[in-house]
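Let's take a friendly walk through one protein model. Have the sequence and the 3D view ready as you read.

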Amino acid sequence: ANLQVEVSDEELAEWFVHVNDLWSQACIRFEVEAVVQVVPLEQGVEAYLAALESPKKGAVAKALAQVVATDDLLEPGWNVVAIKSFGVGASGVYLPDVDTLYFAKGKPQKPTHPTILAHEFGHSLSLEHFDGEDSDTNMMHSGGKGNVDESDMLFEWQIEAARDQAS
């Protein structure tokens, strides 16, 4: 079901080096406190598979919230759950109700760029998508345009909003 994936310590470290490089412009740093292997809940996997067939916007994100048992989530703070792929056109999603970011690792020949994880952390810090002028290089653009390798900039107003939320 495209959910279970292995992530090496080296991969995780690389992701967070990149995330922290991008967020350094806002003087925000994310630390990994623990790594936990979780087994997807059977009913969550069924809901996820059904959501992949649904035309409803947000159905996959809602189903993902049912994949991991809340007892497996660490508090306080954010949880990052790596999955193999979403099976839809997304590579990451933030679920505010459970403070959890889902990040699709992607395929070995085409891994998901860690800028997507940095973007999802932006949502966790209350930042919305920005598709205005100069959005191609903005970390919070909604995707589908621009080069993710170059999507590293935040505007001052985004930095201030993220820092306010982080403090």
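In helix α4, the buried residues are Thr115, Leu117, Ala118, His119, Glu120, Phe121, Gly122, His123 and Ser124; buried means under 20% relative accessible area, with a 1.4 Å probe and protein chains only. This is a predicted model, where local features need pLDDT of at least 70, side-chain atom pairs count only at pLDDT 80 or more, and totals for chains, interfaces and linings use all residues. Residues are numbered from 1 along each chain as its sequence is written, and side-chain values use heavy atoms, leaving out hydrogens and water.

Helix α4 is mostly covered, as 9 of its 10 residues are buried.

| Element | Residues |
|---|---|
| α4 | 115-124 |
| α1 | 9-23 |
| β2 | 92-95 |
| β3 | 100-104 |
| α5 | 156-166 |

Just after the helix, Ser126 has a positive phi of about 75°.

Now look at Asn79, which sits in strand β1 (residues 79-83). Asn79 is buried, with a relative accessible area of 9%. Beyond its neighbours within four places in sequence, Asn79 has contacts (heavy atoms within 4.5 Å) with Leu73, Leu74, Asp99, Thr100 and Leu101.

Terms used: Helix = DSSP H or I, 4+ residues; strand = E, 2+ residues; numbered from the N terminus. Buried < 20%, exposed > 50% of the residue type's maximum accessible area, 1.4 Å probe, protein only.
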